[in-house]
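Keep the picture at hand as you read.

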Amino acid sequence: MKLSSVKNLAFAAGLLSGMPLLAAEKATVTPLFGNVADSITIPAEIYGQFAEHLGTCIYGGLWVGENSPIPNTSGYRNDVLNALKELKVPVMRWPGGCFADEYHWTDGIGPKENRPVMVNTNWGGTVEDNSFGTHEFFNLCELIGCEPYLSGNVGSGTVEELAKWVEYITAENGPMADQRKKNGREKPWKLKYLGVGNESWGCGGSFTPEAYANEYRRYQTYCRNFNGNRLYKIASGASDYDYNWTDVLMKNARRHMDGLSLHYYTVKGWNGSKGAATKFDNDDYYWTLGKCLEIEDVINNHDSIMNTYDPDRRVALIVDEWGTWWDEEPGTVRGHLYQQNTMRDAMVAALSLNVFHRHTDRVKMANIAQIANVLQSMILTRDNRMVLTPTYYVFKMYIPHQNATFVPLDIKTSTRTVRDGRTVPTISATASKKDGEMNITLTNIDLDSPAEISIPLDGVKASVIAGEILTADSIDDYNDFDSAEKVTLRPYNKAKISKNNLQLTLPAKSIVNLRLKI
Ligand code: AHR
């Protein structure tokens, strides 16, 4: 009998007898303090965001314009601005996505009334007025204190256009700098992350890997470092399981890049229904977690190809699009990719972040898709209202892991075989330490049973400072405009240390972070 069936029987027996459910799972999570390498820091950029001109991500989500009745600061929504400041967003990728390879940056500078309108051909044919352009993006990054990550147009642009964009943004003097100054920005901005094309195998130009590698080499040559700015150049990488793309790019262009991207979505498939964001059964839920965790195999496989060309791991793998992709919500504009976000999405976020933490020797940045109103977003907006999604709260809970030293864990837990034969552990966890504190974040994916967790501390003197929990009555619970706080962070104070052993019970379908003084 499969373990999943055993668990279901235990649950049914508990219900029939009316007895409180016992924790079916007893897991041990051992911090391997002896294996902590101070050099292995979790880059803050693992918590990166992606903001594309798609649906209401930019227009309506981040930007409403200075004349909007919605409270704003220079055109940026105040509610969203504050929520993003609290999230300590380290890096934001813009303007796409597929949009980037049709974007002509000169349309988005200068007086707003002179900017041409454009048709967003990738995403629903929406007409945009270009009121959010280069200045609006870079000023937003300054306001929330994050690094900008610019995605350049290779598919329908020119080398000159991209070279001049970099010059416009980063040069102190010269014709492009003069134009920028005329448009109201005296000092150059800092630009570190530059993507040269997006999904160049598809919406970014339908290149073969060989042809794109040549284009990449040519484009990046003319993207210069002005006045002490140092570009970190990212080549457009593979989707999911396209290992040949990584192989060819590494073989032909690795010396010219700092990073190579990877896109991996937790999606049922690209044809037909992807499933509703809020309506799914238990099997769908467990399948989702299996598909999400498969990103670890995908990273390992790309990493081992990269290792053959780059054993010192100089070139980073940049997971600049990831997250869940469900059917668009009924009644919303087709092509705008607006989806709700439940506790299931929160689980995907936590499990994915745990995977990234284990691979920071190669994975130096990840950007969840997307920041507002699109796919697995942090924030949903409607008119002047805003809700924070369960995924937002996972990112908030994980803030202490940014730039902290990774603490490896040995996890002993049961596993579950899900539809399609993938295997999912019941308990997942991650830990890090910084400034005399350790944060350990634990997830119990089981829908029915709590789990007793034992964390041996191996002689390390510790005390619990605080705890937080994210859970829901039902896995398909979500926050909406009339119930914005249904799924939110709450204090958790049930962890105890006894005989140098940290013990707690993780409720079913919950994510708990414990902050320890060590
Ligand atoms: O995030 C939505 C789209 O997914 C992006 O524009 C594209 O790069 C990917 O296919």
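Before we look at any cysteine, here is the rule for this report: two cysteine sulfur atoms count as a disulfide if they lie within 2.5 Å. In general terms, a disulfide is a covalent bond between the sulfur atoms of two cysteines. One more thing to keep in mind is that this model is predicted.

C292 is another buried cysteine, with a relative accessible area of 1%.

How many disulfides does the rule find? The count comes to one disulfide. This link joins C98 to C203, with 2.2 Å from S to S. Look along the S-S bond and you get an angle of -85°, which makes the link of C98 and C203 left-handed. Now find the two ends in the chain: C98 is in the loop between β5 and β6, while C203 is in the loop between β9 and α6 (209–221), so the pair ties together parts that are 105 residues apart in sequence.

Are the two ends buried or exposed? C98 has 13% relative accessibility, so it counts as buried. C203, at 33% relative accessibility, counts as partly exposed.

**Rings that meet**

Next up are the aromatic side chains. The model has 27 aromatic pairs. One of them is formed by W105 and Y168, a tilted pair with 5.1 Å centre to centre and 50° between the planes. This pair links distant parts of the chain: W105 sits in the loop between β5 (91–94) and β6 (118–120), Y168 sits in helix α4 (residues 159–170), and they are 63 residues apart. W105 has 2% relative accessibility, so it counts as buried. Y168 is buried too, at 0% relative accessibility.

Now try F138 and W189. Their ring centres are 5.2 Å apart and their planes meet at 35°, so this pair is tilted. F138 is buried, with a relative accessible area of 1%, and W189 is buried with 3%.

These four rings belong to one aromatic cluster, whose members include W105, Y168, F138 and W189. Among the other members are W63, Y76, W94 and F99.

| Arginine | Tyrosine | Distance to ring centre |
|---|---|---|
| R93 | Y149 | 5.7 Å |
| R416 | Y286 | 4.0 Å |

A search of the whole structure finds four cavities of 30 Å³ or more. The largest cavity holds about 50 Å³ of space. Its lining has 14 residues, and the closest to its centre are R93, Y149, G197, S261 and D320.

The largest share, three residues, comes from β10. Sorted by class, the lining of the largest cavity has four nonpolar, seven polar and three charged residues.

Then there is the largest pocket, with a volume of about 280 Å³. It is lined by 13 residues, and T56, T332, Y338, T381 and R382 lie nearest its centre. Its lining divides into three nonpolar, seven polar and three charged residues.

**One last residue**

To finish, find N373, in the loop between β13 (363–369) and β14 (379–382). Is N373 buried or exposed? Its relative accessible area is 0%, so N373 is buried. N373 and Q340 are 33 residues apart in sequence, and their C-alpha atoms are 8.6 Å apart in space.

How values were computed. Residues are numbered from 1 along each chain as its sequence is written. This is a predicted model: local features need pLDDT of at least 70, side-chain atom pairs count only at pLDDT 80 or more; totals for chains, interfaces and linings use all residues. Side-chain values use heavy atoms; hydrogens and water are left out. On a 1 Å grid over the protein atoms alone, a cavity is a set of points where a 1.4 Å probe fits but cannot get out, and a pocket is an open set with protein on both sides within 12 Å along at least five of seven lines; lining residues have an atom within 4 Å of a point. Grid points are joined across faces, edges and corners, and a volume is the space filled by probe spheres set on the points. Ala, Val, Leu, Ile, Met, Phe, Trp, Tyr, Cys and Pro count as nonpolar, Asp, Glu, Lys and Arg as charged, and the others, Gly among them, as polar. Rings of Phe, Tyr and Trp (its six-membered ring) pair if their centres lie within 6.5 Å; planes under 30 degrees apart count as stacked, over 60 as edge-to-face and the rest as tilted. Helices (H or I, at least four residues) and strands (E, at least two) are DSSP runs, numbered from the N terminus. Buried means under 20% relative accessible area, exposed over 50%, partly exposed in between (1.4 Å probe, protein chains only). A charge sits over a ring if NZ of Lys or CZ of Arg is within 6 Å of the ring centre and within 35 degrees of the ring normal.
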